[in-house]
Amino acid sequence: MPPVIEWVWLVVALPLAGFAANGLLSLVQPSAKRAVSAIGVGTVAAAFVVTLAIVRGLAGAHASDPFVVTLWQWIPLGDLRVAVAFQVDQLSAVMLLVVTGVGLLIHVFSVGYMRADDGYARYFAYLNLFVFFMLVLVLGANFPILFVGWEGVGLCSYLLIGFWFDVKANADAGKKAFLMNRIGDAGFLIAMFFIFQATGSLAFDEVFARAPRVFAIGGPTITAIALFLFLGCTGKSAQIPLYTWLPDAMAGPTPVSALIHAATMVTAGVYLIARTNVLFAMAPIAGAVVATVGAVTALWAATIALKQWDIKKVLAYSTVSQLGYMFLGVGVGAIASGMFHLVTHAFFKALLFLGAGSVIHALHHAYHATHRHEDAQDMRNMGGLRRWMPWTASVMWLATLAIAGVPGFSGFFSKDEVLAMTFAKGHEHVLFYGLWAVGAVAALLTAFYMTRLMLYTFHGPNRTGAAEQGHVHEAPWVMTGPLVILAALSVVGGVLNLPEVLPQSGWLHHWLEPVTAAGDFFRPDTHLSHGTEWALLGLATVIAGLGIAAAWRFLTPADLKPAAEAPAETGLQKLLLRKWYVDEIYDTLIVRPLVWLSDVVLWRRVDAGAIDSVGVNGSARVARGLGVIGSWLQTGHVGTYVFFFVVGALLLLRAATRF
Amino acid sequence: MREVVFWGFSGVALAAALLCVTRRSAVASALWLVLTLFSLAGLFVLLDAQFIAAIQVLVYAGAIMVLFLFVIMLLNLGRAGPSDMRGWLGRGVAALLGVGLAVELWVLVRIVRGGGFAAETAAYPLPPGELARVQQAEGAVGMLAEPLFRQYLVPFEITSVLLLAAIVGAVVLAKRKI
Amino acid sequence: MLLGPALGVSALLFAIGVGGVLLRRNAIVIFMCVELMLNAVNLTFVALAQQIGPQGQVIVFFVMAVAAAEAAVGLAIILAVYRHKESVNLQDVNLLRG
Amino acid sequence: MAIRVKVMRRPEREVSYLRATLKGMAVTFSHLLQPKVTMQYPEETAQEGFWHLSSRWRGTHRMLTDEQGRAKCVACGLCPQICPANCIKLVPGEDEDGHRYPLIYEIDEFRCVFCGYCQEVCPEEAIHVGVHYENAEYQRERFVYDLERLCAQTHPVSTLWDPSDPRGE
Amino acid sequence: MTPELKGLLLVSAIKVLLVFVALLVGVLVVIWVERRGAGFMQDRLGPNRVGPLGLLQNVADGLKNLVKEEVVPARADRVIFYLAPLMSFVTALILFAVIPFGAPLPPFDVTLPLLGRVVHEGPIPLMVADLPVGFLFIIAISSVAVYGITLAGWASNSKYSLLGGLRASAQMISYELALGSSLIVVLLLAGNVMLSEIVAAQQRMVWFVFAATLAYLMLHIAAFAETNRLPFDLPEAEAELVAGYHAEYSAMKYAMFPLSEYVALITMSAFITTLFFGGWDIPFTAWDEQAAATWSLGAVLRTSMTALVFLGKTFFFVWVFVWVRWTLPRFRYDQLMFLGWKVLLPTALAYIVVMATAVLVLERWGIAQDWKYGLILFLVNVPLVAAVVFGLDRRRVLAGTQRRVPMEG
């Protein structure tokens with residue numbers, strides 16, 4: 001083990017120390033914003049530096065096995081031995097870089113974005129805590145440690161969604177996210193129990209080593225485990241059916257949306273599947289389920305994104321959709337492709353969110369200056385902002401081109417690779433051709449709604465209001481700086497994993513090989529001819545171009561009215577705006593029947609009617625009846641009871657001694 | 001030598017226990033019980049349980065019995081006027097049952113020990129004197145810490161929960177208004 | 001090796017404790033008799049620990065923790081009862097009566 | 001010395017207990033090294049050396065005498081009259097010349113509260129309280145001073161409070 | 001009897017006698033120091049008549065107490081009334097048994113008149129009994145010490161005494177927790193509860209006052225409460241309880257209480273010295289730590305030097321106790337409880353967590369337990385002490401019930 005890897009605990013400890021210091025400051029000296037920023041950004045920056053060193057050490061080691069740094073035994077209980085151990089391998093290295101790198105940029109951005117907020121210290125404390133838990137998640141060398149991080153990021157997500165908890169909607173959104181995540185977590189826990197029962201261990205290396213021996217490929221146990229794991233992933237990564245919390249989570253501060261609900265936490269599900277790719281590889285049905293859910297989610301969310309007016313909601317549904325791509329990738333067994341899309345998506349989606357944050361920041365200030373109460377997030381109140389915010393507009397255009405899949409940009413390569421891998425799997429089962437088609441349509445919609453967002457936000461006439469226009473201006477450098485860096489990454493991120501037809505191809509693929517090799521062993525080899533690959537590349541280009549062009553052609557920002565005056569939507573538009581009425585459907589199909597079931601059936605009929613009257617009260621009545629008979633025995637004096645007790649004990653002993 | 005000390009402590013413990021049960025005043029009872037506990041601590045030392053002996057004095061004599069005394073004094077029950085002993089019938093029954101139990105347990109011990117107190121069966125894993133040697137080597141605390149925090153970790157944690165529940169319960173009971 | 005005698009002493013102590021519980025009416029004294037019984041059992045554990053290993057002493061540790069918890073709650077209950085009844089005599093306390 | 005009371009405000013915020021404790025310990029330690037005020041009584045007394053009693057100290061009584069060695073008292077009866085403790089017993093007598101003199105003049109020093117009114121009221125400046133405190137006796141009866149004993153006392157007499165010199169300098 | 005047994009008995013007898021005499025003489029000296037110190041601090045001289053510098057004053061007082069009339073209050077529980085002072089005194093005396101007061105002496109093998117051949121194998125530890133339970137013994141016995149006071153208060157049949165006794169028991173139980181918890185850190189560092197091992201560990205590392213500063217501070221505070229010394233002398237609180245638990249006592253029975261208090265005072269000082277100030281260790285030198293194999297003038301000199309150093313350190317803490325007593329006023333009872341339960345106990349628990357983590361980390365880093373180890377722990381301790389002191393100072397923690405709620409009804 002390279003000695004530098006021993007220092008991996010420092011990566012985790014630094015944000016924790018930052019949390020402790022900032023938490024303390026938020027309690028005793030909330031106004032010390034300078035110190036708070038220094039601690040908050042400094043610890044994450046230091047963690048990033050350590051991460052770079054560790055990744056360098058790891059790259060130099062050319063190891064095929066993960067390095068496990070065991071700090072101490074946490075739960076040494078009989079057969080169960082859970083250590084606080086961190087696993088450094090190629091997969092966690094990628095995640096480490098994303099979490100600390102993107103996290104650092106977002107911390108810097110937050111310094112500007114949250115400057116005027118009273119809860120500044122509390123915000124940075126939460127943010128540091130989140131980074132800590134996220135690092136625990138990606139570094140954990142066994143399921144319980146991963147679960148600690150998993151729950152911890154959920155907690156931080158809850159805290160940050162409800163950051164402005166004095167508005168009830170925000171607090172409710174936090175609760176919703178928390179509860180939906182619990183459903184998924186239950187699945188994760190059950191999967192963990194199964195795994196322990198089957199393999200007798202919870203450490204990754206042992207589980208993966210023992211898995212081929214204890215599980216039959218495609219057997220019911222492994223399929224159940226994989227599906228339960230995936231249930232956890234759908235909760236955390238906002239997939240159908242547990243995705244509705246993510247759009248609501250936009251109630252939190254925008255940098256939080258960028259960090260937690262776009263770049264890192266929501267990708268934890270993808271990471272989990274990549275981490276346990278051995279298990280998923282052994283359960284092909286589960287893999288197909290993952291891929292299907294991913295593809296359908298991608299399309300479903302993209303349709304909803306088409307008609308949202310809230311700029312963050314568009315991005316939120318876009319995130320759900322892109323997460324669907326990642327699941328499609330890891331579901332078809334292309335772990336490296338899924339991770340590739342995760343990385344590039346972290347770049348451009350973080351950039352989009354931060355850009356949106358910059359826009360919202362500007363509009364919010366403008367409305368604040370003129371004391372008007374308009375929605376600073378509604379695109380109908382924007383328009384033509386590129387005149388005042390050239391930097392934001394240009395970097396967001398770059399990100400849009402990336403996510404839309406314009407050739408040369410990072411998103412093009414990653415999304416295309418996911419789709420190509422799906423297509424390649426088509427010769428195994430026709431289902432995958434279908435999934436590919438769904439993904440392609442979703443890609444078309446992606447290009448369309450992203451162009452729509454850009455058009456309505458930055459082009460056409462301004463709809464903010466005459467008085468407010470003068471107050472709109474570009475964000476300070478602490479906010480634009482991270483944007484520029486992220487923009488650069490979004491543009492060139494594709495070189496990480498170029499398609500096979502290009503030179504220097506598949507770097508990330510090779511890098512992750514030690515992790516994915518065990519899983520790939522169980523999968524049939526999939527290969528695409530160069531011709532097909534070129535064709536797919538071309539098709540992707542066409543799709544992206546088509547989407548952008550269509551948006552440009554059909555949407556006319558000039559006709560748009562500000563939110564206050566806009567007419568109500570009808571028909572399909574309304575259906576999309578109301579998100580296919582999924583929340584309402586959930587309410588009708590699940591929540592209300594559940595409430596009805598528990599209220600009328602379970603409570604009034606079963607509990608009050610049957611159990612209480614027959615069971616509880618009945619037995620009580622019987623007991624009372626018997627008690628009346630036996631009450632001459634019950635003097636209520638402890639002495640009498642003791643007497644009988646002792647006599648009984650004596651008799652028992654008598655029986656015991658007579659052998 | 002060890003036998004002499006052992007029977008000395010045992011005699012004191014038994015006599016004090018009897019007195020504890022039969023003294024009228026609650027304070028006197030408590031004090032005789034304290035003496036019993038001390039003698040037991042002495043017995044523990046003889047039986048190679050030095051740490052338990054210290055804890056016995058610390059927890060039982062030093063904390064629990066002080067608490068008892070505290071409550072007795074708080075309620076001013078020190079000098080009970082009429083005896084809280086039962087009547088002659090009750091005393092007879094108590095003595096009868098107590099003696100019966102003693103006899104049965106004694107017999108049980110004899111049976112388990114294979115017919116006699118002195119007989120040492122070979123069924124036990126540790127040879128004589130082994131425990132004392134372990135204690136010498138690992139220290140009185142170390143010897144117990146190992147099984148306590150490895151083998152019995154779950155009971156240990158549950159005990160802590162129990163203690164927490166006891167604290168909460170005691171506070172709820174003792175506080176008129178919370 | 002004083003295993004046998006220790007077990008015998010423990011049996012006697014336990015019997016005395018039981019007799020005390022039967023004999024007395026004062027709740028606090030009965031409590032103390034229960035403590036006596038617990039201690040008799042502790043003696044058994046410690047005596048057997050000599051030949052079975054230190055695990056026996058670990059159990060004593062738990063017994064003591066339970067005894068401490070019991071004393072805290074029990075005495076609090078007695079205090080509460082006293083506040084209502086002005087007595088700790090168990091003959092005056094028959095709330096359990098049906 | 002007039003008593004000056006330094007009014008300390010009760011600390012409202014940010015009480016520094018530790019500093020106060022350490023300060024207190026420093027104070028006690030500094031006093032440890034300071035000169036002591038104890039009078040080593042039998043060897044040192046208030047009459048000599050470093051220690052002195054105030055000239056206004058009011059101790060046991062003393063009766064002044066004239067040149068013939070007779071008490072100056074004229075038995076006017078003012079001192080028993082004013083005595084708040086009622087400790088002066090005076091039986092007046094008159095000699096052949098018509099001069100009044102005390103037949104019996106006794107002061108019960110047990111009852112006396114050493115207020116000094118007798119000295120103040122005495123028109124002849126005969127009875128005085130004295131700067132004296134070593135007045136232990138072996139019998140209770142000895143504390144009733146008769147005229148003879150009062151005249152035999154030699155200790156200095158107490159000065160009265162003088163309005164023009166309020167601090168007695 | 002074998003020569004070994006004879007040697008053991010002889011050595012034990014000598015040590016017991018030595019400690020007993022030293023303690024009693026020490027008590028006389030400490031009382032003298034207390035009275036003279038009190039006098040000096042109040043710009044007086046204190047007792048200086050009986051004997052040179054008043055040294056025999058306590059002897060005179062003892063004699064006086066011996067011949068005074070013993071008064072037993074009406075309706076007192078006579079047996080317990082007589083027993084209580086003895087309980088106090090005996091428990092206080094036993095405490096010193098496990099404290100090592102000097103470097104071990106070399107073994108001997110001599111033939112003495114009357115006794116014959118007497119052998120002691122292995123070095124002679126200068127402590128009455130090197131029990132394997134070490135300082136647990138001290139905690140255990142000092143927790144029993146409360147019986148004397150409580151029973152004295154109860155047996156006197158006086159409400160003031162009873163209140164004093166009740167206060168004593170509540171106070172002792174409360175502060176025992178803080179005392180015990182603060183000592184766990186010492187156990188963590190030394191890895192053993194035996195006091196000889198703890199002294200050895202401090203010779204290896206640094207004095208634990210540096211490696212576990214907060215534990216020392218808490219132990220010292222708790223020691224004030226455990227010995228019923230000002231500022232925690234609420235059981236006797238003469239202003240409120242007219243001397244509390246010993247209000248009804250007179251003559252020698254009364255004298256037992258102050259005697260045991262001072263014995264406990266000396267023992268506590270010795271205890272603090274042993275746990276946190278290296279015991280008999282002479283700092284910055286190692287010559288006192290090499291055990292001598294044979295008897296020589298050097299060996300005896302070495303032991304005497306260490307014993308003297310131990311005496312000096314102990315005396316310093318005795319002096320601190322005296323010093324604090326004559327500086328600080330008495331706490332209010334709720335403040336006492338507040339300090340014990342809500343300040344010391346949580347701090348001690350948190351401190352255990354911090355120190356355990358530190359020890360664990362140091363162990364992982366594979367740092368040997370030498371002075372560097374101690375130095376690192378010291379560096380850990382400095383900010384902790386600063387934080388606690390700062391917190392205590394600023395947050396008005398000691399004020400207890402800061403904002404008094406008006407009484408209802």
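Predicted model: local features only at pLDDT ≥ 70, side-chain atom pairs only at ≥ 80, totals over all residues.
Side-chain values use heavy atoms, without hydrogens and water, while residues are numbered from 1 along each chain as its sequence is written and chains are lettered from A in the order in which they are written.

At this interface, 68 residues of chain C are in contact (heavy atoms within 4.5 Å) with 79 residues of chain B. The two chains bury about 6,900 Å² between them, of which 78% is on carbon and sulfur atoms; buried area is the accessible area (1.4 Å probe) lost when two parts are put together, summed over both. On the side of chain C that touches chain B, two or more residues are given by each of α1 (3–23), α2 (27–52) and α3 (55–85) of chain C, and the largest share, 24 residues, comes from α3(C). That side divides into 52 nonpolar, twelve polar and four charged residues.

Within the whole structure, seven cavities of 30 Å³ or more are found, a cavity being a set of points on a 1 Å grid over the protein atoms alone where a 1.4 Å probe fits but cannot get out. The largest cavity holds about 240 Å³ of space, the volume being that filled by probe spheres set on the points. Its lining (residues with an atom within 4 Å of a point) comprises 17 residues, of which Ala145(E), Ile149(E), Glu226(E), Ser260(E) and Ala264(E) are the closest to the centre. The largest share of this lining, five residues, comes from α11(E).

Notes: Helix = DSSP H or I, 4+ residues; strand = E, 2+ residues; numbered from the N terminus. Nonpolar A, V, L, I, M, F, W, Y, C, P; charged D, E, K, R; others polar. 1 Å grid on protein atoms, 1.4 Å probe; cavity = no way out; pocket = protein on both sides within 12 Å on 5 of 7 lines; lining within 4 Å.
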